[in-house]
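Here are my notes on this one, jotted down as numbered points. Have the model open while you read them.

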There are 2 protein chains.
Amino acid sequence: MSTAEETAGGEVPPWGEVTPDAARRLLVAAVEAFAERGYHATTTRDIAGRAGMSPAALYIHYKTKEELLHRISRIGHEKALDVLRTAAESEGGPAERLAEAVRSFVRWHAGQHTVARVVQYELDALGPEARAEIVALRRQNDAAVRGIIEDGVAAGDFDVPDVKGTTVAVLSLCIDVARWFNVNGPRTPDEVGALYADLVLRMVGAKSRPPA
Amino acid sequence: MSTAEETAGGEVPPWGEVTPDAARRLLVAAVEAFAERGYHATTTRDIAGRAGMSPAALYIHYKTKEELLHRISRIGHEKALDVLRTAAESEGGPAERLAEAVRSFVRWHAGQHTVARVVQYELDALGPEARAEIVALRRQNDAAVRGIIEDGVAAGDFDVPDVKGTTVAVLSLCIDVARWFNVNGPRTPDEVGALYADLVLRMVGAKSRPPA
DNA sequence: TCCGAAGGTGAGCGCCCGCTTAGAGCGCCC
DNA sequence: GGGCGCTCTAAGCGGGCGCTCACCTTCGGA
């Protein structure tokens, strides 16, 4: 019986694919610990302890502490990319697609900000080939956003002098939400997503924005 | 005779206030190491080695490794705040002041991205009271930017439905430059600053933007 | 000329890290 | 029902960490 856990926010963490159960518990514990203290400041004893297991149990499911981070990074990036692509390939004009992409990407980075923090800020702790794999996934993020912006420019809906620079800025804006977002703060992930979608449409000079 | 060192970029690092010379060399070495590998992954032996000294020498000038980080954080934040305030208090209308603030703040985060990275991303490694001090400095950043935006709205120059949210977004956009900026990349700090100033003026719906 | 403070070193202490090993518990299939 | 393989634990190894200590040099002033 796979217990489909839910967070307080109602979002389903994407760890269903991790089996067996003990491996998933360890991974969830690692996400929490890495997000709170950072990868290097987290000990394997702390991860195992949070999962209710002995330190040695970790090494039955993962070869090293770094493999845990690698798995978290890959799954997290794939999930974020999936969210972004779904929005990018939806129906509607460039403005609707860009707004939806930013809205859902930001919602993910706010709602899953523990995962997002690990995924976005612990990249350097990975070894060379693992890092290369993650960097490749990031380039796909970039391509997805740039594609929508190029569509908008081609259709005459957007006014963007510097497509590559604007793409970087839009992604940077969304990703940094994971750094500052606070669950006890005044805004919900949905509200931040809506605000940011509007701001991004302004950045690309969208001809007409939907009313707030 | 304080030797005013210059980086390749021509910017003067703000470490002139750190004396004696050995203490400054250690601090500069720590900035490099923290920026490259992160605070927790950096050893005191590495810092001392980069400064050309023995591990024990560090403790003549700093009580602990954390005190080094604290000093770096405080000086870095003060410098960034100074840059921001100078622009915020300059002559001209809200649009000019906001553009200049973003331009110079981004230029600093790109040009001094090693310092900025340490300052922005290693906050959690500080103890409670040191962290509180840094957080107070950050709130002054926020106040400076919000002040300009409020001026623009009051003057009827800006169209901003959500001043607090937009302030957070603008600062977040600027700060995240430190994460992705690459010295060997295609853009100079000046170019990124100009691009971002334009994007931010679009975000606040400035009535007329100066030509690129 | 000698002195004391300031700045430096080599050696190393005690601790905790990532990770390993030997073996115990336990469900499953023949 | 007995052996096997999977999961997990208690104990602990080797090493590198932050930091300290005893001692050495350098140098300006009386």
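1. A salt bridge here is a side-chain nitrogen of Lys or Arg within 4 Å of a carboxyl oxygen of Asp or Glu. By that rule Arg74(A) pairs with Glu78(A), with 3.7 Å between the closest N and O atoms. The two sit four residues apart, about one turn, in helix α4 (residues 65-88) of chain A; helices are DSSP runs (H or I, at least four residues), numbered from the N terminus. Arg74(A) is partly exposed because its relative accessibility is 25%, and Glu78(A) is partly exposed too, at 37%. For those labels, buried means under 20% relative accessible area, exposed over 50%, and partly exposed in between (1.4 Å probe, protein chains only).

2. Some housekeeping before going further. This is a predicted model, where local features need pLDDT of at least 70 and side-chain atom pairs count only at pLDDT 80 or more, while totals for chains, interfaces and linings use all residues. Residues are numbered from 1 along each chain as its sequence is written, chains are lettered from A and ligands numbered from 1 in the order in which they are written, and side-chain values use heavy atoms, with hydrogens and water left out.

3. How do the two copies relate? Chain B can be laid on chain A by a turn of 180° and a shift of 0.0 Å along the axis, with an RMSD of 0.0 Å. The copies are therefore related as by a two-fold rotation axis. Both copies use the same surface, since 100% of the contact residues of chain B recur in chain A. The superposition is by least squares on the C-alpha atoms of residues with pLDDT of at least 70 in both copies, and contact means heavy atoms within 4.5 Å.

4. Back to charges: over all chains there are 38 salt bridges. In chain B, Arg71(B) bridges to Glu67(B), the closest N and O atoms being 3.1 Å apart. Arg71(B) and Glu67(B) are four residues apart in helix α4 (residues 65-88) of chain B, so about one helical turn separates them. With a relative accessible area of 28%, Arg71(B) is partly exposed.

5. Elsewhere, salt bridges with shared partners join Glu32(A), Glu36(A), Arg37(A), Asp46(A) and Arg50(A) into one network.

6. Now for the interior. Ser73(A) is in helix α4 of chain A and counts as buried because its relative accessibility is 0%. Leaving aside neighbours within four places in sequence, Ser73(A) contacts Val119(A), Leu126(A) and Ile134(A).

7. His109(B) lies in helix α5 of chain B and is buried, with a relative accessible area of 0%. Not counting residues up to four places away in sequence, His109(B) touches Ala116(B), Gln120(B), Cys174(B), Ile175(B), Val177(B) and Ala178(B). His109(B) and Ile175(B) are 66 residues apart in sequence, yet 6.6 Å apart in space, C-alpha to C-alpha.

8. A cavity is a set of points on a 1 Å grid over the protein atoms alone where a 1.4 Å probe fits but cannot get out, and lining residues have an atom within 4 Å of a point. Grid points are joined across faces, edges and corners, and a volume is the space filled by probe spheres set on the points.

9. The largest cavity has a volume of about 40 Å³. Its lining consists of Leu84(A), Leu98(A), Ala101(A), Val102(A), Phe105(A), Val145(A), Val170(A), Leu171(A) and Cys174(A). Two or more of these residues come from each of α5 (94-111) and α8 (163-175) of chain A, and α5(A) gives the largest share, four residues. By class, the lining has nine nonpolar, no polar and no charged residues. Here Ala, Val, Leu, Ile, Met, Phe, Trp, Tyr, Cys and Pro count as nonpolar, Asp, Glu, Lys and Arg as charged, and the others, Gly among them, as polar.

10. The second largest cavity, in turn, has a volume of about 40 Å³. Among the residues lining it are Leu84(B), Phe105(B), Val145(B) and Cys174(B). The most comes from α5(B), with four residues, and the lining divides into nine nonpolar, no polar and no charged residues.

Methods
1 Å grid on protein atoms, 1.4 Å probe; cavity = no way out; pocket = protein on both sides within 12 Å on 5 of 7 lines; lining within 4 Å.
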